[in-house]
Amino acid sequence: MYRREFTDRYMEQLAEMGFPAASQAEAKRSIKAFINTVEYGLINKETISLNGFGKFEIRHRKAKIGRNLQTDEQIQIPASDTVGFKPSKLLRDKLNDTDI
């Protein structure tokens with residue numbers, strides 16, 4: 001699902017939840033605010049837990065030695081941080097429920 005489809009679905013969900021009709025521009029701003037909030041937390045090494053959805057967290061990868069498959073030369077892969085997502089039990093159960 002791309003951002004346009006996500007925005008449309010988000011607007012549908014807002015309407016189903018009884019919120020006043022939001023324009024597409026308002027929905028985009030709301031989504032952008034959510035993304036910015038998650039980015040801010042992750043950049044500041046915070047874990048973002050959303051009950052019923054899951055948890056975003058920073059995961060550290062250690063430096064390691066890899067291999068260039070074309071030249072068979074060893075290369076140093078530097079340590080890095082990445083984002084991990086762990087879905088909540090509720091979300092996992094919904095994903096595995098074939099009746100949805």
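**Figure 1. Aspartate 93 and lysine 89 lie four residues apart in helix H3.** Helix H3 covers residues 89-96, and the spacing of this pair amounts to about one turn of the helix. The model shown here and in the other views is predicted. The side chains of aspartate 93 and lysine 89 form a salt bridge, with an N to O distance of 2.9 Å. Aspartate 93 has a relative accessibility of 40% and counts as partly exposed. Lysine 89, at 54%, counts as exposed.

**Figure 2. Arginine 9, glutamate 12 and glutamate 16 belong to one network of salt bridges.** In one of the contacts, the side chains of glutamate 12 and arginine 9 meet at 2.9 Å, N to O. Both residues are in helix H1, which spans residues 3-16. Glutamate 12 and arginine 9 are three residues apart in H1, so about one helical turn separates them. Glutamate 12 is partly exposed, with 42% relative accessible area. Arginine 9 is also partly exposed, at 36%.

**Figure 3. A salt bridge links the side chains of aspartate 72 and arginine 67.** The N to O distance in this pair is 3.5 Å. Aspartate 72 has a relative accessibility of 53%, so this residue counts as exposed, the cut-off being over 50%. Arginine 67 has a relative accessible area of 43% and is partly exposed. Across the whole structure, a search finds seven salt bridges; the pair of aspartate 72 and arginine 67 is one of the salt bridges shown in these views.

**Figure 4. Three strands make an open sheet in the order S1-S2-S5.** The pairing in this sheet is antiparallel. Strand S1 (48-50) and strand S5 (80-87) are the edge strands, and each of them pairs on one side only. From one strand to the next, the twist averages 25 degrees.

**Figure 5. Strands S1 and S2 pair in the antiparallel sense.** Strand S2 consists of residues 54-61, and three bridges connect S2 with S1. Which residue in S2 stands opposite isoleucine 48? The residue opposite isoleucine 48 is phenylalanine 56.

Terms used: Residues numbered from 1 in each chain as written. Predicted model: local features only at pLDDT ≥ 70, side-chain atom pairs only at ≥ 80, totals over all residues. Heavy atoms only, no water. Pairing = 2+ DSSP bridges. Helix = DSSP H or I, 4+ residues; strand = E, 2+ residues; numbered from the N terminus. Axes fitted to C-alpha atoms, helices over the stretch in contact; angles between N-to-C directions. Salt bridge = Lys/Arg side-chain N within 4 Å of Asp/Glu carboxyl O. Buried < 20%, exposed > 50% of the residue type's maximum accessible area, 1.4 Å probe, protein only.
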